[in-house]
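The tour goes stop by stop.

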Amino acid sequence: MKDNKKLYTLLVYSENIAGILNQITAVFTRRQVNIESLNVSASSIEGVHKYTITAWSDEDQIVKITRQIEKKIDVIKANYFTDDQLFIRETGLYKLSTKKVLENSDISRTIRRHEASITEVNPTYVIVMKNGKTEDILSLYYALNEFDCVFQYTRSGRIAVTRAKQEQVSEFLEEREQQHNKA
């Protein structure tokens, strides 16, 4: 069963209503599917929020989860995608020992080689930021961890846009508006 699981990204659009996040995550809980990452923000459409959720699943299960989420009264649209259908980014933040960074120039070279940037330096710590795909952010973490200089590390949830010209919810809302105007 584990062999046919893939990482899927769900893009869910809803009105900004209290409690909808709980309703969406409950669908995963009932199906015993763990959410890997979750990001909620305003979308490009006024009044509509976008949930970007990643989870390991098989296609049959992710289809059922998507349908269940879409049945929620305040959900406008839900779709699932594989990584090749999306443009994906995350951000990693690394808090490093200033002392160790100054003592070992290989740490700075590693940061540059991974195309990360130093955003703050003080006598105690150095903050490094890396934007990119999950594997790139993890790769920098593992490289820095080899130097035993990492105080803290965190990674944001995934943000994603489809490779289509506009978001599928835009088409859905346009069709709904046309149907409403005909009635």
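Predicted model: local features only at pLDDT ≥ 70, side-chain atom pairs only at ≥ 80, totals over all residues.

Residues are numbered from 1 along each chain as its sequence is written, and side-chain values use heavy atoms, with hydrogens and water left out.

**Stop 1: the largest core.** Select Leu10, Val12, Ile24, Phe28, Ile53, Ile65 and Ile69. These have the most contacts inside the largest nonpolar core, which has 16 residues. Such a core is a set of buried Ala, Val, Leu, Ile, Met, Phe, Trp, Tyr and Cys residues joined through side-chain atoms within 4.5 Å. Buried means under 20% relative accessible area (1.4 Å probe, protein chains only).

Now colour β1 (6-15), α1 (20-30), β3 (48-57), α2 (59-70) and β4 (75-81): each supplies at least two residues of this core. Helices (H or I, at least four residues) and strands (E, at least two) are DSSP runs, numbered from the N terminus. α1 gives the most, with four residues.

**Stop 2: Phe28.** What does Phe28 touch, leaving aside neighbours within four places in sequence? Its contacts (heavy atoms within 4.5 Å) are Leu10, Val33, Ile35, Ile53, Ala55, Ile65 and Ile69.

**Stop 3: the second core.** Select Tyr94, Leu96, Ile111 and Tyr141. They are among the 13 residues of a second, separate core.

**Stop 4: β7.** Select residues 125-132, strand β7. Strand β5 (residues 86-97) pairs with β7 in the antiparallel sense over eight bridges; pairing needs at least two DSSP bridges between the strands. Leu93 has Met129 of β7 as its bridge partner.

Glu120 is bridged to Ile127 in β7. β6 and β7 form a hairpin, with three residues between them.

Key
Buried < 20%, exposed > 50% of the residue type's maximum accessible area, 1.4 Å probe, protein only.
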